[in-house]
Amino acid sequence: MPEWSKSMFRAMPSAYALILEQDKALTTQTVLVGDAQEAWRLGRKLYPDPLRGVVCRDVKQTSSDMER
């Protein structure tokens, strides 16, 4: 595999769910970022008060659960 291809795969963002508390209920907002720290930084910037957590979303897990 060419060197540029390897770096391209490493740069692919991951899906993270921002857990938000709005109107006394928990909701999620998905963001595509490089890592968990970046997800937290973006979450604090976009949702400084309602942000309650960050979870990495496993797209393979989600799609296989839907097939059951």
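What pattern does the chain follow, read along the sequence? The answer is α-β-β-α-β-α. This is a predicted model. Its secondary structure comes to three helices and three strands. The strands form an open sheet in the order β2-β1-β3, and helix α2 packs on that sheet.

**Confidence**

- Helix α2 (residues 36–46) has the highest confidence, at a mean of 97.
- Helix α3 (residues 59–67) has the lowest, at a mean of 50.
- Over residues 62–68, pLDDT stays under 50. The model has one contact beyond four places in sequence for this stretch.
- Where pLDDT is low, the predicted coordinates should not be read in detail.

**Sheet**

- The three strands of the open sheet pair in the antiparallel sense.
- β2 and β3 stand at the edges, and each has a single partner strand. One side of each is therefore left without a neighbour in the sheet.
- On average, neighbouring strands are turned by 25° against each other, direction ignored.
- Helix α2 touches β1, β2 and β3. The direction of α2 makes about 150° with that of β3.
- In general, strands of a sheet pair through backbone hydrogen bonds, either parallel or antiparallel.

**Pairing of β1 with β2**

- β1 and β2 are antiparallel and share nine bridges.
- Ala15 stands opposite Leu32 in β2.
- The hairpin of β1 and β2 has two residues between the strands. In this hairpin, Asp23 takes a positive phi near 55°.

**Pairing of β1 with β3**

- β1 and β3 are antiparallel too, over five bridges.
- Leu18 stands opposite Val54 in β3.
- Leu20 has Leu51 of β3 as its bridge partner.

**Nonpolar core**

- Which residues make up the largest nonpolar core? The eight are Tyr16, Leu18, Leu20, Val31, Val33, Ala39, Leu51 and Val54.
- β1 (14–22), β2 (25–33) and β3 (51–56) each give two or more residues to this core.
- β1 gives the most, with three.
- Nonpolar side chains tend to be buried together in soluble globular proteins.
- Leu18, one of the core residues, has contacts beyond four places in sequence that include Val31, Ala39, Leu51 and Val54. Its other contacts of this kind include Thr27, Thr28, Gln29, Gly43, Tyr47 and Gly53.
- Of the 68 residues of the chain, 21% count as buried.

**Salt bridge**

- How many salt bridges does the count come to? The count is one.
- The partners are Arg52 and Glu21, with the closest N and O atoms 2.9 Å apart.
- Arg52 lies in strand β3 and Glu21 in strand β1, 31 residues apart, so the pair links distant parts of the chain.
- Side chains of opposite charge can pair when their charged atoms come close.

- Cys56 is found in strand β3. Not counting residues up to four places away in sequence, Cys56 touches Ala15 and Tyr16.
- The C-alpha atoms of Cys56 and Leu32 are separated by 10.0 Å, and the two residues are 24 apart along the chain.
- Where is Arg57 found? Arg57 sits in the loop between β3 and α3.
- Arg57 is partly exposed, at 35% relative accessibility.
- Arg57 and Ser14 are 43 residues apart in sequence, yet their C-alpha atoms are 7.8 Å apart in space.

- Among contacts in the chain with a separation of 6 or more, 41% come from residues 24 or more positions apart.

Notes:
Residues numbered from 1 in each chain as written. Predicted model: local features only at pLDDT ≥ 70, side-chain atom pairs only at ≥ 80, totals over all residues. Heavy atoms only, no water. pLDDT = per-residue confidence, 0-100. Helix = DSSP H or I, 4+ residues; strand = E, 2+ residues; numbered from the N terminus. Contact = heavy atoms within 4.5 Å. Core = buried A, V, L, I, M, F, W, Y, C linked by side-chain atoms within 4.5 Å. Buried < 20%, exposed > 50% of the residue type's maximum accessible area, 1.4 Å probe, protein only. Pairing = 2+ DSSP bridges. Axes fitted to C-alpha atoms, helices over the stretch in contact; angles between N-to-C directions. Salt bridge = Lys/Arg side-chain N within 4 Å of Asp/Glu carboxyl O.
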